[in-house]
Amino acid sequence: MSDIVYLNGEFLPRERAKVSIDDRSFLFGDAVYEVLRAIRGRYFEPERHLARLAAGIRALELPDPAALGMDPMAAAGELLHRNALLEGEATVYIQVSRGAAPRRHAFPPPGTAPTVLVTVTPFAPRVEQRARGVAAILQPDVRWQRCDVKAVNLLPNVLANQRAAVRGAYEAILARGLTITEGTHTNVFAVVDNVIRTHPNGPWILPGITREVVLELAAGEGLAAREHPLDVEDLARATEVFLTGTTTDVMPVTAVDGTAVGAGRPGPVTSRLGELLQARLDAL
Ligand code: PDD
């Protein structure tokens, strides 16, 4: 946790940054967020993260912070500086809520100011887990049909990830019926019949930035990759399974529900894509 945060145009010590009990993010989960990686003060793929945030703001018809002169990325830069995080690694968290207003389900009156929060946190890449691989469990995907919006309404993700945690697993891989969608905070890939596969973008998954970059890296290596849904049987016979995400990088999954994936250790495709992503991060 870092000491100075940004809230609605102000830089404040974390303990002085307070949000109204009437804030719609608190009452309804009525907000979107973003998580970016900062390395030595440089951001990984900031344009793509900001485009996704803007798409979420549009999709939920949230007030745009820019209209009030607020610039979350300028705030992030200032926060990295004030919290002495310009060396090493950090994550940047941005949240935009529909603001504070008397509780009713419909939107508050036009002109209600959004609540804009930006925080930065020191980050340690999961080097050890990436080298050895992690366990995952399968859980039913009980989320809504707009998983493409990065909304703070994350109860299904929280509950599924907690089930993973109590079983000593890193992630819960979600299945909508028999279709593998994504993880609670990661996208899911598998190598099936020598082809890398992942669920196509659309309402059932978050369009992960790491996912997109990994698909580009695979194409650059001449590796066969398809954005085509995987089902639970594909996952069971996959020779490699891996997760991608801003705080996860390329993470080998070596067991699902206690059964080994392939040889039970990180496979060559996963390792290669992990190296290529790391090279991109190192080059920032
Ligand atoms: N989670 N899918 C879901 C449901 C996610 O929440 C995330 C990111 C991803 C990966 O997206 P990206 O590669 O753009 O980080 C996929 C963030 C890190 C979080 O909630 O903390």
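**Ligand site**

I began with the pockets, and the largest pocket is the space taken by the ligand. A reminder to myself: this is a predicted model.

Next I asked which elements give two or more residues to the shell around the ligand. I found strand 3 (31-39), helix 2 (46-59), strand 9 (179-183), helix 6 (209-220) and strand 14 (240-245).

I then sorted the shell by residue type. Four of its residues are nonpolar, twelve are polar and three are charged. Of the 19 residues around the ligand, those that come nearest are Y33, E182, I209, T210 and T246.

I looked up which atoms face the ligand's oxygen atoms. For T210, a polar side-chain atom lies 2.5 Å from a ligand oxygen. I209 uses its backbone instead: an N or O atom there is 2.8 Å from an oxygen atom of the ligand. For R52, I noted a side-chain N or O atom 2.8 Å from an oxygen atom of the ligand.

How much of the ligand's accessible area does the protein cover? I read off 90% of the 480 Å² that the ligand has on its own.

**Strand pairing**

I moved on to strand 6 (residues 115-122), which runs antiparallel to strand 1 (residues 4-7) and is joined to it by two bridges. In this pair, Y6 stands opposite V118 of strand 6.

Strand 5 (residues 89-97) also runs antiparallel to strand 6, and eight bridges join them. Here I picked out Q95, which stands opposite L117 in strand 6.

A note for viewing: side chains in a regular strand alternate between the two faces of the sheet.

Terms used: Residues are numbered from 1 along each chain as its sequence is written. This is a predicted model: local features need pLDDT of at least 70, side-chain atom pairs count only at pLDDT 80 or more; totals for chains, interfaces and linings use all residues. Side-chain values use heavy atoms; hydrogens and water are left out. A residue is near a molecule or strand if one of its heavy atoms lies within 4 Å of it. A polar contact is a pair of N or O atoms within 3.5 Å; within protein, one must be able to donate a hydrogen and the other to accept it, and residues adjacent in sequence count only if both atoms are side-chain atoms. Accessible areas come from the Shrake-Rupley method with a 1.4 Å probe; for residues, only the protein chains shown count as cover. On a 1 Å grid over the protein atoms alone, a cavity is a set of points where a 1.4 Å probe fits but cannot get out, and a pocket is an open set with protein on both sides within 12 Å along at least five of seven lines; lining residues have an atom within 4 Å of a point. A molecule sits in a cavity or pocket if more than half of its atoms lie within 2 Å of its grid points. Helices (H or I, at least four residues) and strands (E, at least two) are DSSP runs, numbered from the N terminus. Ala, Val, Leu, Ile, Met, Phe, Trp, Tyr, Cys and Pro count as nonpolar, Asp, Glu, Lys and Arg as charged, and the others, Gly among them, as polar. Two strands pair if DSSP finds at least two bridges between them.
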